[in-house]
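Please examine the structure shown below together with its sequence. The report that follows describes its surface, its confidence and a selection of its residues.

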Amino acid sequence: MVINYTGLQPDQEGQGHNHAHSTYSPEVADVLSSISLRCVECSILYPSVEGEFSTQSVPTPRYRCECGGVLDVEMNFLLPKQQRASSRQHDGVPLELYAGDEEVPASGAGWRQLFDGRACSPPIWPIGEESLLLDSSGVWRYRELILPAPEQYVVSRPEGNTGLYPVGIENCGAGRAGHRQIGSYAGLERFYLKHEGENPTGSFKDRGMTVGVTMANMLGAKAVACASTGNTSASLASYAAQAGKKGIVFLPAGNVATGKLAQTLAYGATTIQIRGDFDDAMQLVEQVCNEMGIYLLNSLNPFRVEGQKAIGFEILQQLDWQAPDWLVLPAGNLGNTSAIGKAFRQAYQLGLTSRMPRFAAIQAAGANPFYRSFMQGFAQREAVHADTVATAIKIGNPVSYTRARRVIEESDGIVEQVSDDEILMAKAVIDRAGIGCEPASATTLAGVRKLVARGIVKRDERVVGILTGNLLKDSKTGIPTTVGEVVVDATLDAVRRVLA
């Protein structure tokens, strides 16, 4: 599989031999050579890109194993030298050889100190400097655990730093009675909602896209593409425009919320509508990217998933590095289940936290292939023709199935399904609390309520739920669209009669 990085057809670039970048800077070459990709199905290990770093052979991306399985990023985690020196000054901290010859505190104290220090950095651009201030990004703050990219290649808005709202019956502070209604609806005393809709383009996709587009930048790609039900396309269009790259989006015709499509168009992406659903679009975009040398940025891209790990790291940091009992999230293409699960796994291995939470992946009943597989003990992989009001998770054949299955199994987790009516009722509760979310996000609350009612999640357990998208991502579904038919005279008496 030979791919050029111009984003043009091979015959426009001398049959694929005239590449934008035939060599890489030493910094980029060092990063790429330090990363491996392992197949989640057969465990074969590949380099981060194919080929040698020389003028004779242009390294090219790989998205799948030869067996067809998806790939997972593997790399050593190294504390910066200054941080290692600082960590050694703390008496009583045991040291171990963790990566090569690098000494890392076994307690994780060095990592916590590093990330907490960065979180305190003010997001101020010094006059006359071009620093991207990566520490102010809720993704690049954890760059050693995600992608140690040279700063000049990073494309960031910045993203992350999203709110973690205490909404449980007991942990919701005084003065937020509206938020407490969410905890009452769920039946939980200690409940938090992590609102990824507060990212720059209004969804969690920005966390993965900043890493994916940064990788495209490092490889010299001039065009990037994705298949999307809306959120991915909006994020890709924004980050591609920021980096000066051509963005191309494949959309299932008639199945994308207008708010998401408006963002995609406003940011200048080229949109291609196809007759079919998301799974058809996903199959097509993979073929197009492989043939035409366009960098693929769906969650099939392993570096996209690495960026989404930051959600897990940020939750831990916001909870003072204490893992919750449960992590509950919507499940569509299963990228978030895979990424956040991997983040908690790595945080545990590094000593950043002392335990793993249990995971609950919630699917819409009309788009429930992962749930069907779970109910069979994962005896076989299922696929469905998806149909749900929650368009962001309207996916019948999820790409990250194997990675997500590992998360559910290793965390003693569960997969649940909820109906569209349950989704819309939960959405109304979140909206009326003054937080708001798109329908797919509300599967989290609907699922928590169901799991509490079944006795699987205990009333006094600490639970974090993920809201994946902003309320305005879908400005019609589940939202009142009229202001009513009552029109009154502009008099005090008329208003009194209405309010009475």
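## Overall surface and fold

The accessible surface of the protein chain amounts to about 20400 Å², and 49% of this belongs to carbon and sulfur atoms. Of the 500 residues of the protein chain, 57% count as buried. Buried denotes under 20% relative accessible area, exposed over 50%, and partly exposed in between (1.4 Å probe, protein chains only).

The protein chain has 16 helices and 17 strands. These are DSSP runs numbered from the N terminus: helices are H or I with at least four residues, strands are E with at least two. Among the contacts in the protein chain with a separation of 6 or more, 70% are accounted for by residues 24 or more positions apart. Contact means heavy atoms within 4.5 Å.

## Basis and confidence of the model

This is a predicted model, in which local features need pLDDT of at least 70 and side-chain atom pairs count only at pLDDT 80 or more, while totals for chains, interfaces and linings use all residues. Residues are numbered from 1 along each chain as its sequence is written, and side-chain values use heavy atoms, with hydrogens and water left out.

The protein chain has an average pLDDT of 87, and 87% of the residues score at least 70. The pLDDT is the predictor's confidence in each residue, from 0 to 100. Over residues 1–22 the pLDDT is below 50, and this stretch has 56 contacts in the model beyond near neighbours in sequence. Residues 90–106 also have a pLDDT below 50, with 35 contacts beyond near neighbours in sequence. Where pLDDT is low, the predicted coordinates should not be read in detail.

## Aromatic pairs

The count of aromatic pairs comes to 10. Rings of Phe, Tyr and Trp (its six-membered ring) pair if their centres lie within 6.5 Å; planes under 30 degrees apart count as stacked, over 60 as edge-to-face and the rest as tilted. Phe 115 and Tyr 142 form an edge-to-face pair, because their ring centres are 5.1 Å apart and their planes stand at 70°. This pair links distant parts of the chain: Phe 115 is in helix α3 and Tyr 142 in the loop between α3 and β8 (164–166), 27 residues apart. Both Phe 115 and Tyr 142 are buried.

The rings of Phe 378 and Tyr 401 have centres 6.2 Å apart and planes at 80°, so this pair is edge-to-face. It links distant parts of the chain, with Phe 378 in the loop between α12 (369–375) and α13 (401–410) and Tyr 401 in helix α13, 23 residues apart. Phe 378 counts as buried at 6% relative accessibility, and Tyr 401 is buried with a relative accessible area of 5%.

## An aromatic cluster and backbone features

One aromatic cluster is formed by Trp 111, Phe 115, Tyr 142, Phe 313 and Trp 321. Trp 321 is placed in the loop between α10 (310–318) and β14 (326–330). Although Trp 321 is not a glycine, it has a positive phi of about 65°. Trp 321 is buried, with a relative accessible area of 4%.

Leu 334 likewise has a positive phi, of about 75°, although it is not a glycine. Leu 334 is found in the loop between β14 and α11 (335–350) and counts as buried at 2% relative accessibility. The peptide bond from Arg 157 to Pro 158 is cis, with omega near 5°. Pro 158 is found in the loop between α3 and β8.

## Buried helix residues

Ser 238 lies in helix α6 (residues 231–243) and is buried, with a relative accessible area of 6%. Leaving aside neighbours within four places in sequence, Ser 238 is in contact with Arg 157, Thr 201 and Tyr 267.

Leu 114 belongs to helix α3 (residues 109–119) and counts as buried at 8% relative accessibility. Leu 114 and Leu 79 are 35 residues apart along the chain, and their C-alpha atoms are separated by 8.4 Å.

## A nonpolar surface patch

Val 486, Val 488, Val 495, Val 498 and Leu 499 make a nonpolar surface patch of about 470 Å². Patches are made of residues with over 30% relative accessible area and no salt bridge; like charges are joined within 9 Å, and nonpolar side chains (Val, Leu, Ile, Met, Phe, Trp, Tyr) within 5 Å. A salt bridge is a side-chain nitrogen of Lys or Arg within 4 Å of a carboxyl oxygen of Asp or Glu. Val 488 lies in the loop between β17 (462–467) and α16 (492–499) and is partly exposed, with a relative accessible area of 39%.

Key. Areas by Shrake-Rupley, 256 points an atom, 1.4 Å probe, with all protein chains shown as cover.
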